[in-house]
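Open your viewer and have the selection tool ready. We will go from one stop to the next, with a word at each on what to select.

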Amino acid sequence: MDFRQIISIINQVAKERNIAPEKVIGALEDSIATAYRKEYGERGEIIKAKIDMETGEARFWQEKEVVDETMVRIVEEVPEEEMTEEERGKDAAAKEYEEEEEDEEGKLPRYNPERHIFLDEAKKIKKDAILGDILEFPLESKIDFGRIAAQSAKQVVLQKFREAEKETIFGEFRAREGSIVSGTISRVERGIITVDLGKINGVVFPAETVQGEKYPINEKMKFYILAVQEDRRGIPQIVLSRSHPRFVAKLFEAEVPEIVDGTVEIKAIVREAGSRSKMAVYSSSPSIDPVGSCVGQKGIRVMSVTGELGNEKVDIIPWSEEPEEFIAASLAPAAVKSVEIYEDNYAKVIVPDDQLSLAIGKGGQNVRLAAKLTNWKIDVRSESVAYEEKDKEAEESMTPLTEEDLVSDEEKYDLN
């Protein structure tokens with residue numbers, strides 16, 4: 001087996017796929033160590049291998065743990081020639097099991113001279129050896145492992161390349177979680193959309209789609225990276241969204257430099273995907289108009305965003321620490337006459353009669369989104385209704401006149 005040639009191929013492929021070659025080399029070393037034990041070693045041996053990246057030479061060694069009688073179980077060995085065929089099979093199976101399941105439930109591992117070395121023997125080799133040390137015993141280098149071992153090593157390298165590439169892609173997209181990515185729709189099945197992102201596929205579940213929006217095959221679209229996770233099979237899964245409110249925020253971030261440099265901040269955003277969004281923005285700089293920055297000259301910035309959203313309406317309002325101001329602005333595009341604040345985050349909003357339907361919105365959408373944006377319970381009333389309610393309250397608060405009230409002052413005080 002020509003390790004120098006294998007290393008050359010690994011380095012080349014690793015560079016092409018942007019993978020650290022050390023990850024693959026480590027798997028190759030484990031593979032040839034296993035092959036060495038099968039071809040030249042004994043059952044139970046722990047054999048390690050190290051390949052020199054410069055020369056391609058492989059070094060092999062056996063490892064043994066330094067133990068004493070309290071760390072292992074000493075089982076009396078019966079010479080193999082004295083065993084029956086059935087006993088040999090049971091003994092081999094027991095040793096193999098104990099190699100894999102050492103110290104299970106407090107059970108001490110069985111002493112194996114191929115894996116363990118007693119402390120007094122270890123001190124003859126290494127004077128300062130202590131319990132638990134791992135001693136290394138050099139082995140003769142080999143390069144011929146047979147066809148099966150060579151095939152196994154090849155499969156290990158290919159598998160490790162796939163795993164390393166998966167980890168690299170997974171890490172790349174995990175770092176981009178919460179950002180926007182462009183992809184091409186490759187398949188739509190049972191409402192689940194598969195998106196080709198280049199190195200990996202993304203998936204859009206039905207809950208993350210926009211009602212009424214079309215997703216034709218081979219169409220290139222933008223998506224919000226909602227989550228990077230592994231599915232039940234351990235395969236990286238990039239969960240995408242077109243309906244998340246942060247998708248709108250990220251689209252504005254891409255269009256408005258003031259958001260990127262921090263002079264304009266998106267304080268809150270709510271959305272009913274495909275219909276309407278409301279976004280509250282703020283700037284600590286008096287010279288910066290946060291709403292104007294997001295709208296852009298002649299509305300070019302907001303039009304770019306709404307174009308990507310299929311002309312979904314976006315209300316951009318100024319954020320304020322004052323609840324009355326923030327609530328009034330949140331009901332845009334409706335004009336507001338006054339806002340009355342009560343306990344338990346309850347607000348009564350008075351609007352002109354001709355603005356009532358606009359303030360409430362179709363199906364109550366405008367006031368519903370305003371309530372979510374401000375986190376206040378908003379009760380919208382028209383001016384005429386509000387005045388009627390005030391007159392009624394005034395009437396109810398008046399104290400009825402008694403007969404005594406109707407007596408004249410002269411009679412009451414008998415001024416004559």
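This is a predicted model: local features need pLDDT of at least 70, side-chain atom pairs count only at pLDDT 80 or more; totals for chains, interfaces and linings use all residues.

Residues are numbered from 1 along each chain as its sequence is written, and side-chain values use heavy atoms, with hydrogens and water left out. Helices (H or I, at least four residues) and strands (E, at least two) are DSSP runs, numbered from the N terminus.

Now select helix H9, residues 300-308, and colour Arg301, Val302, Val305 and Thr306, which are buried (under 20% relative accessible area; exposed is over 50%, partly exposed in between, with a 1.4 Å probe and protein chains only). Because these residues cover an arc of only 125° around the axis, they lie on the same side of H9; the arc is that of the directions from the helix axis to the C-beta atoms. Turn to the face pointing away from that buried side, and you will find the exposed residues Ile300 and Met303. Following H9 is Gly310, with a positive phi near 70°.

**H6 against H9**

Next, show H6 together with H9. How far apart are their axes? The distance is 9 Å, and the two helices pack at an angle of about 140° (axes are lines fitted to C-alpha atoms, for helices over the stretch in contact, and angles run from 0 to 180 degrees between N-to-C directions). H6 and H9 are therefore oblique to each other (angles under 35 degrees count as roughly parallel, over 145 as roughly antiparallel, 65 to 115 as roughly perpendicular and the rest as oblique). To see the contact (heavy atoms within 4.5 Å), select Phe247, Leu251, Phe252 and Glu255 on H6, then Arg301, Val302, Ser304, Val305 and Glu308 on H9.

**H1 against H2**

Move on to helix H1 (residues 3-16) and helix H2 (residues 21-40), which pack at an angle of about 150° with their axes 9 Å apart. On H1, pick Phe3, Ile6, Ile7, Ile10, Asn11 and Ala14; their partners on H2 are Pro21, Val24, Ile25, Leu28 and Ile32.

**Zooming out**

Finally, show the whole chain, with its 15 helices and 15 strands. Of its 416 residues, 38% count as buried.
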